[in-house]
Amino acid sequence: MFKEITAKSILHYHERQFATNWDANIYCGCGHNCRYCFAQYSHKYLETTDFFNNIFVKSNAPGLLYREFDKKKWDKSPVNVCGISDCYQPVETEYEIMPKVIKSFIAKRNPLVIGTKSTLILRDIDLIKKLNNIAEVSILISVSTLNEAKRKLIEPDAAPTIERLKMLKKFSDIGCKTSVLFMPIIPFISDNQENLDKIFQITKEFNLGSINAWPLHLHGNTKKVFYEFLSTHFARLLPEYIKLYKKGSVSKEYSINLQKRVSALRDKYQLHSTYKPTKPRINKEIQLSLFD
Ligand code: SF4
């Protein structure tokens with residue numbers, strides 16, 4: 001079910017600095033269906049709890065962005081438009097809101113952050129390039145596994161991992177700031193050395209910028225949904241997970257061990273983990289033809 005809603009506001013501040021302090025969510029709910037999705041909690045204040053199938057569409061988002069960016073106190077902070085749901089999820093093919101959103105960023109020369117698991121973003125590469133000429137655009141992808149059989153089970157409606165990496169290379173090639181979020185690393189499913197090494201290797205070969213890696217967290221309803229998934233597809237792992245996830249975070253021992261492996265790979269491939277969008281860079285010389 002898709003439902004258009006008229007949002008009253010669009011920019012939301014949060015203390016968490018990653019990827020920025022400001023989010024603007026274009027959709028609530030996400031059709032990528034990742035079984036580990038951390039954002040499912042965000043539906044609890046809505047009229048439904050089905051985060052994956054009941055998607056709310058803020059079709060007035062572009063107009064709200066123009067209004068917010070026009071406010072005197074707005075300081076052109078970078079805004080992440082994929083905070084709690086992917087803005088290039090399947091429903092975007094129907095509503096095509098993102099081109100209008102990007103045009104609002106171009107008009108107001110505001111830095112933009114997009115995190116996605118979709119290659120649909122390539123549809124808008126010309127607009128993104130235009131914005132990146134006058135205000136920084138950061139593109140982030142998150143990945144878990146290069147094993148397609150596992151990926152189809154875990155993230156059934158997202159793009160294949162290698163396609164995401166190739167897509168990110170195209171944005172790196174046109175000068176956008178890019179970053180790989182290797183998250184979540186899923187215990188006993190995507191944490192094997194071959195998978196870890198290959199994702200670091202491709203990040204280096206494709207010149208994709210920084211890489212951050214985090215283990216799976218299972219807070220709130222996410223744990224229930226993920227355990228149901230495990231019961232169906234990896235039932236033998238359930239007892240191990242019950243030992244590892246006494247709380248929402250993975251055990252300290254697992255986490256420390258994983259960080260050591262990640263650090264070793266960072267050294268091996270000379271990759272850093274620092275990602276931060278920079279403040280606005282304005283090039284007044286560039287004349288824009290916005291809506292051609
Ligand atoms: S792409 Fe992100 S928001 Fe969408 S289902 Fe997957 S984890 Fe959740």
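**Helices, strands and the ligand shell**

A: Helix α6 has 13 residues, which should span 18 Å at 1.5 Å a residue, and the 19 Å between its end C-alpha atoms agrees with this. The expected span is 1.5 Å times one less than the number of residues. Helices (H or I, at least four residues) and strands (E, at least two) are DSSP runs, numbered from the N terminus. This is a predicted model, in which local features need pLDDT of at least 70 and side-chain atom pairs count only at pLDDT 80 or more, while totals for chains, interfaces and linings use all residues. Residues are numbered from 1 along each chain as its sequence is written.

Q: Which residues of α6 are buried?
A: They are T161, R164, L165, M167, L168 and F171. A residue is buried if 20 or more other C-beta atoms lie within 10 Å of its own, exposed if 12 or fewer, and partly exposed in between, with C-beta atoms placed from the backbone.

Q: Where do they sit around the helix axis?
A: Down the axis of α6, the buried residues fall within an arc of 160°, so they line one face of the helix. The arc is that of the directions from the helix axis to the C-beta atoms.

Q: And what covers them?
A: The cover includes β8, α5 (148-154), β9 and α7. Just after α6, G175 has a positive phi of about 100°.

Q: What about α7, how many residues does it have?
A: Helix α7 (residues 193-205) has 13 residues, and its first and last C-alpha atoms are 18 Å apart, close to the 18 Å expected. N195, L196, I199, F200, I202 and T203 are buried in α7. Those buried residues fall within an arc of 165° seen down the axis of α7, so they line one face of the helix. Q193, E194 and E205, on the other side of α7, are exposed.

Q: What do the buried residues of α7 pack against?
A: They pack against β8 (137-143), α6 (161-173), β9 (177-185), β10 (210-215) and α10 (252-269).

Q: Is β9 mostly covered or mostly open?
A: Mostly covered: eight of the nine residues of β9 are buried. Six bridges join β9 to β8 in a parallel arrangement, with L140 opposite S179 in β9. Five bridges join β9 to β10, also running parallel, and L181 stands opposite N212 in β10. Two strands pair if DSSP finds at least two bridges between them.

Q: Switching to β5, which strands does it pair with?
A: Strand β1 (residues 2-5) pairs with β5 in the parallel sense over four bridges, and β4 (residues 27-28) runs antiparallel to β5, joined by two bridges. Both faces of β5 (residues 55-58) are covered, with I55 and V57 buried on one side and F56 and K58 buried on the other.

Q: Why does G29 count as buried?
A: G29 has 26 C-beta neighbours inside 10 Å, so it counts as buried. G29 lies in the loop between β4 and β5. Beyond its neighbours within four places in sequence, G29 is in contact with residues including H43, F51, I55 and S85. Contact requires C-beta atoms, placed from the backbone, to lie within 7 Å.

Q: Last topic: which residues are around the ligand?
A: They are C30, H32, N33, C34, C37, A39, S85, D86, K117 and A158. A residue is near a molecule or strand if its C-beta atom, placed from the backbone, lies within 6 Å of it.

Technical notes. Contact = placed C-beta atoms within 7 Å.
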